[in-house]
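Work through the exercises below with the model open in a viewer. Each task is followed by a solution in steps.

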Amino acid sequence: MKLSFKRITSSGSFIPEIDGLRFIAITSVVLYHITGYLMTKKGQNSEYSSYYLFLKQMFSNGHLGVPLFFVISGFILAMPFAKHYLKENKPVNLRNYFIRRLTRLEPPYVLVMTILLFGAVYIAKNITLGDGLISYLSSITYCHNFIYGKDVLPLLNGVTWSLEIEVQFYILAPVLAYMFALKSSLLRRTLIFGIAILFLILNSFIDLPFRSLVGYIQYFLIGFLLADLYISKSEILPKTKFDIGIGLFFFSIIWFFDESDFKSNFQKGSWELVQLIGIFFFYYYVLFHKILKFLSYRVITNIGGMCYSIYLVHYPIISMFGSNILKLSFSKHEIINVLMYPFLLIIAVMSISSVFFLCVERPCMDKDWYKKLFRKRFSER
């Protein structure tokens, strides 16, 4: 059997730049968690703490990779609805829409969480069976954020809080997609962008006790807006010889500041608006003006295409292998060790993620995998 890392798409259409953008998002998240781990375990009480602090500060805004994922999700989920309303394609079968989400995303997620439950309770023994089960059930039913509140990350896999936000949007997306039915492109796009800004403003003044779609819907809606432009083939900015520079300028805006750098709600809200606009125009220049050709290279799109696997397992892998890796010494010059530790952790993450992708996630990308499995079992009887 020939192994392939190319992602399987249910629609058959493949936009390499999307997987390239996924690559940027997952890379930022992984580096954020690796450098945070190194700083916590190695850098705080070390005479070389300045090295680790510098490394951590380099990727201190890597958590913004999560909003970047939300924009991509908004774009991908909006595409079939936008094609229906704007290009008169066949309507989206909602039954198939939800079954597809269920069969594509649930098996890898439940498998990882089940393994982590048994690992945490019986191997690492850092959590009781009772606490582990409650957290496990809260996570796989996508209500951990509501039960534990925003200050407590999922106990078994801290990064999975964002998957709960994704699921909430999956449910709401078909309703929001009715905005594509508006015939006036100006009205339609103004409405999408206006709702995004409205929620951004509300979130600057309303502090909910839990994480939910309310706090992040503006990113998904930016994805909706990009999908509208993409399906309509509407280029809002002309191509120039300065496109790469302009696109990189908007890219830098995304990472330049974080909301924690500001004190007042007005300052935070203003910066988030600038950041949201930066994300929109960076994605626009990548998708429409093709400014970063390397994002379409196969190695980049392959890594971006298996971002779900990487996202699910990278945090546990860092915790699992980190302690042993940090015991190693490669040089009497600590700066060499500081560079080698993240390198080895990245290798561990990519190796295990690749196996998981090939064995679990990629087979689930086949929209009929469960039908084929049942047919095979019945044919063997």
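A cavity is a set of grid points where a 1.4 Å probe fits but cannot get out, and its lining residues have an atom within 4 Å of a point. The model used here is predicted.

**Exercise 1.** Find the residues that line the largest cavity, and sort them by class.

Solution. 
1. Searching the whole structure for cavities of 30 Å³ or more gives 1.
2. The volume of the largest cavity is about 30 Å³.
3. Its lining consists of L64, P67, L68, Y219, I254, Q275 and I279.
4. Two helices, α3 (65–87) and α11 (265–288), each contribute at least two residues to this lining.
5. Sorted by class, the lining holds 6 nonpolar residues, 1 polar residue and no charged ones.

**Exercise 2.** Classify the aromatic pair of F169 and F220, and state which helices the pair ties together.

Solution. 
1. In the whole structure, a search finds 31 aromatic pairs.
2. For F169 and F220, the ring centres are 4.2 Å apart and the planes make an angle of 15°. Planes under 30 degrees apart count as stacked, and this pair is stacked.
3. F169 belongs to helix α7 (residues 161–176) and F220 to helix α9 (residues 217–232), so the pair ties together parts 51 residues apart in sequence.
4. Both F169 and F220 are buried.
5. Elsewhere in the list of rings, a cluster linked by ring pairs includes F75, Y230, F249 and F250. F280, F281, Y284, Y285 and F288 also belong to that cluster.

**Exercise 3.** Place K290 in the chain and identify the partner of its side-chain polar contact.

Solution. 
1. K290 sits in the loop between α11 and α12 (298–305).
2. With a relative accessibility of 29%, K290 counts as partly exposed.
3. Not counting residues up to four places away in sequence, K290 touches E17 and Y285.
4. The partner is E17: the two side chains make a polar contact at 3.5 Å.

Key
Residues are numbered from 1 along each chain as its sequence is written. This is a predicted model: local features need pLDDT of at least 70, side-chain atom pairs count only at pLDDT 80 or more; totals for chains, interfaces and linings use all residues. Side-chain values use heavy atoms; hydrogens and water are left out. On a 1 Å grid over the protein atoms alone, a cavity is a set of points where a 1.4 Å probe fits but cannot get out, and a pocket is an open set with protein on both sides within 12 Å along at least five of seven lines; lining residues have an atom within 4 Å of a point. Grid points are joined across faces, edges and corners, and a volume is the space filled by probe spheres set on the points. Helices (H or I, at least four residues) and strands (E, at least two) are DSSP runs, numbered from the N terminus. Ala, Val, Leu, Ile, Met, Phe, Trp, Tyr, Cys and Pro count as nonpolar, Asp, Glu, Lys and Arg as charged, and the others, Gly among them, as polar. Rings of Phe, Tyr and Trp (its six-membered ring) pair if their centres lie within 6.5 Å; planes under 30 degrees apart count as stacked, over 60 as edge-to-face and the rest as tilted. Buried means under 20% relative accessible area, exposed over 50%, partly exposed in between (1.4 Å probe, protein chains only). Contact means heavy atoms within 4.5 Å. A polar contact is a pair of N or O atoms within 3.5 Å; within protein, one must be able to donate a hydrogen and the other to accept it, and residues adjacent in sequence count only if both atoms are side-chain atoms.
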